[in-house]
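Please consult the sequence and the model shown here while reading.

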Amino acid sequence: IVLGRASNNLCVVDLDSVPLFDAVVETFKKEQIPARMVRTIRGRGHVYFVETDEHPSNKDKKTYSFNGELASIDLLAEGSQVVSPPTPGYELLGQNHGILQGNPIAVETMADAWGMIEYYLKENGHSLIKVEDQRTNGKYPQPWQEHVPAGQRNDSTYIEAVMLRKAGMPLDMAME
């Protein structure tokens, strides 16, 4: 599906974490929020929204720590595409999953879409921390520098551990 203007401002929150998507599904069930959700071939998921602002958002990417694991969140809008059912391996979640199936949720912007999901997850007791904000308000040094200034060593080590974790290295090894 082509997102943005081509599809009447359709946009998707792409949750690249099975545990995070499962938590969103459970939260939407509990809160009885009608939604259009798709489980991807890898077990992750998409939550569909439609932007009401006349200027569609551009895509954005966020990284969070979700219950101690890194989770990538892609806010897909103008200029993005997503795969959806009936593509093999993609499943529209509905009544058989306990989901109140609905149309894409209307939001003003993609930031509002993620804000809604983040709010309900936190309200339902999930630990969700934006990685970029954990240490230096997003002002990290670039990873893999040959020489790191003394005042940036802790932050540099931290961001490199995050990068290793994103690449799939076990947490204890990345932290070491």
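The side chains of K61 and D74 form a salt bridge, with a distance of 3.2 Å from N to O; the term denotes a side-chain nitrogen of Lys or Arg within 4 Å of a carboxyl oxygen of Asp or Glu. This pair joins distant parts of the chain, 13 residues apart: K61 belongs to strand 4 (residues 60–66) and D74 to strand 5 (residues 69–76). Helices (H or I, at least four residues) and strands (E, at least two) are DSSP runs, numbered from the N terminus.

D74 has a relative accessible area of 12% and is therefore buried. Buried means under 20% relative accessible area, exposed over 50%, and partly exposed in between (1.4 Å probe, protein chains only).

## Basis of the description

The model is predicted, and local features need pLDDT of at least 70, side-chain atom pairs count only at pLDDT 80 or more, and totals for chains, interfaces and linings use all residues. Residues are numbered from 1 along each chain as its sequence is written, and side-chain values use heavy atoms, with hydrogens and water left out.

## Further salt bridges

The structure contains six salt bridges. In one of them, the side chains of R39 and D22 meet at 2.9 Å, N to O. Here too distant parts of the chain are linked: R39 lies in strand 2 (residues 37–39) and D22 in helix 1 (residues 18–31), 17 residues apart. D22 is partly exposed, its relative accessible area being 31%.

Another salt bridge brings together the side chains of E118 and K122, at 3.6 Å from N to O. These two residues are four apart in helix 2 (residues 110–123), so about one helical turn separates E118 from K122. E118 is buried, at 19% relative accessible area, whereas K122 is partly exposed, at 44%.

## Aromatic pairs

Rings of Phe, Tyr and Trp (its six-membered ring) pair if their centres lie within 6.5 Å; planes under 30 degrees apart count as stacked, over 60 as edge-to-face and the rest as tilted. By this rule there are two aromatic pairs. In the pair Y119 and Y120, the ring centres are 5.1 Å apart and the planes stand at 75 degrees, which means that the pair is edge-to-face. Both residues are partly exposed: Y119 has a relative accessibility of 46%, and Y120 has a relative accessible area of 24%.

## A loop residue

M169 is located in the loop between helix 3 (153–166) and helix 4 (171–175). With a relative accessibility of 25%, M169 is partly exposed. Apart from its neighbours within four places in sequence, M169 contacts L164 and A174, where contact means heavy atoms within 4.5 Å.
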